[in-house]
Amino acid sequence: MVSVGSALLPPAGLVDVESTVSSEADVLVSPQLLNEAAPVTQTDSPPAALAPSGSMRTLRRCVIAGCTGTGLLALCAAAAALTGSWEEDFEQASARSLQDAAASSSSAALDGDVDGGAGGGNAAAASAVAAVASSASYAASSSSSSSHLPPSPDAEAEHTRRLAVNVQNVGINCMRAVPGDQCHTAIEWTRTIGIKTHPEWYPNWLKEDSSFEDFQAALHADPYALCPHPCVTTGFDSFFANITLQPSVGFASSGRVVSQGLWCSAPEPAVGWSLEGCTADAARVDVKVLTYNLFWWNLFRLRGGNGGSAGHLIASANPLDSKFDVMGFQECEGITQLMEDGGLVDEYGALVGPHAMCIAFRKTAWDLIDDGAQDVAEDRHDQWYGTRAVMWSRLRNKATGRFLFFINHHGPLPVQTGGRCGGEAVAYNVLKVIANQARPGDGVILVGDFNSGPASLTLQSFAGRLDTAYTGVAFGGVDNVLTGCATRLAARNLGSGGSDHDALEVLLRL
């Protein structure tokens, strides 16, 4: 998915070997770094001469924070052509190397011929490749190591500095779909055929004469389209104008800060601050949710999906008269395969987040208003796979108008420790994301594999701010559903479906 904070990457020696190729997170370098190097101008298509076949997906990730200008896009394109793979090479390239290359050659790139001539654009792009390639090569070689060693003091300081930016820069990355990519093809089909023959498949605000960008916004939650957020919309903004401009809940701090000195330091909530409060005049709505760690590397990669066992488990608990409204998946590297196995394709939209997380929602019952993701924690050095995030979606119930703020989380390792940041910091960072993104009156549901159970400091730090609705049994109760202002009507453990975690089903009344 594209609505992810602009994360700066860890040092190349700290390579996350499990949170890998399926992530749709658009992370490269911070908006500040690129925007300081060049003015931001919108571009509708990449420089063709620097866009080899198959690189469109990589190029889309290079356009960040309001659509970057063509000069720096050329740098990204050249680097993509060299490394050949965003996920395995380019993502591990040092953000600092790219920043230095952009700073030293941005004027030539912006003034040169980015359309393929012999001007300064190509020369500047070529000069940037060497710096990116060096760090990419190092990252690739580092990823072959099976050990997870703590960084050196200098690397640790740089790691902390870079990751701090990730917490401060949550935003929605945008780009207009370009001819030749999967999103553009899906938009053209939907505009010419889909909405004419099956208007019921699409949001109420999307019409046959809607703008190209509105079609792109409507297809953002289609896992087959892989559409990033568009930079400008008209119909969507008009339809939801009074919704998207509301102020957030807001976070009140006690003044105490936990895990000081780390990128993931977090303020403690003030006494009495909570997300448990209810809005008296809000419409009541029943919401059926699922949380499920899919054990992807084993269940799908090694065992080929085990005959679709995970999807079939979901289907068995999803009868016509009691459908899941929202589902949060962890270790989810291929949401379309799961949806096909579970018979969910026609009725559900899906969002693909960072660190192999996914959300599926029943699009026939809910409108997607907004979504995003942010890093909130990090694994400890002795079991280090990377940073850990929350992904969220804000949904509006079509029948009642009630809003749901749904958050999916996969917590840090080792289990029960809160990872490098500690349990308090993990909980407070999650709460702060909710406070900054949810709106007053939203029903709040937080699900996931927290990698921490009820006795952990992580779960204890949520107490008094969110209520625990249900806890699983795997690994000491690490799978949980927490709520704000909701009554639990029913809950059950559905079993593993071939995973090493159980799928948890909870019915809540907001």
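1. In this predicted model, Ile-407 touches Val-390, Met-391, Trp-392, Ile-434, Val-444, Ile-445, Leu-446 and Val-447, leaving aside residues up to four places away in sequence.

2. Ile-407 belongs to the largest nonpolar core, which has 31 residues. Together with Ile-434, Leu-446, Phe-462 and Leu-466, Ile-407 is among the residues that touch the most other members. At least two core residues come from each of strand 7 (366-378), strand 8 (387-397), strand 9 (403-410), helix 14 (423-437), strand 10 (443-449) and helix 15 (457-462). The greatest contribution, nine residues, is that of helix 14.

3. Another core, of 27 residues, lies apart from this one; Val-287, Val-289, Ala-469 and Tyr-470 are among its members.

4. Six strands form an open sheet in the order 5-6-4-3-14-13, and their pairing is mixed. Strand 5 (348-352) and strand 13 (487-495) are the edge strands, each having a single partner, so one side of each has no neighbour in the sheet. On average, neighbouring strands are turned by 15° against each other, direction ignored.

5. Strand 13 and strand 14 (residues 503-509) run antiparallel and are joined by seven bridges. Ala-490 has Leu-507, in strand 14, as its bridge partner.

6. Helix 12 (residues 309-316) packs on the sheet, where it touches strand 3 (286-293), strand 4 (326-330), strand 13 and strand 14. The direction of helix 12 makes about 160° with that of strand 3.

7. Helix 13 (residues 335-342) lies across strand 4, strand 5 and strand 6 (357-362), and runs at about 155° to strand 5.

Terms used. Residues numbered from 1 in each chain as written. Predicted model: local features only at pLDDT ≥ 70, side-chain atom pairs only at ≥ 80, totals over all residues. Heavy atoms only, no water. Core = buried A, V, L, I, M, F, W, Y, C linked by side-chain atoms within 4.5 Å. Buried < 20%, exposed > 50% of the residue type's maximum accessible area, 1.4 Å probe, protein only. Helix = DSSP H or I, 4+ residues; strand = E, 2+ residues; numbered from the N terminus. Contact = heavy atoms within 4.5 Å. Pairing = 2+ DSSP bridges. Axes fitted to C-alpha atoms, helices over the stretch in contact; angles between N-to-C directions.
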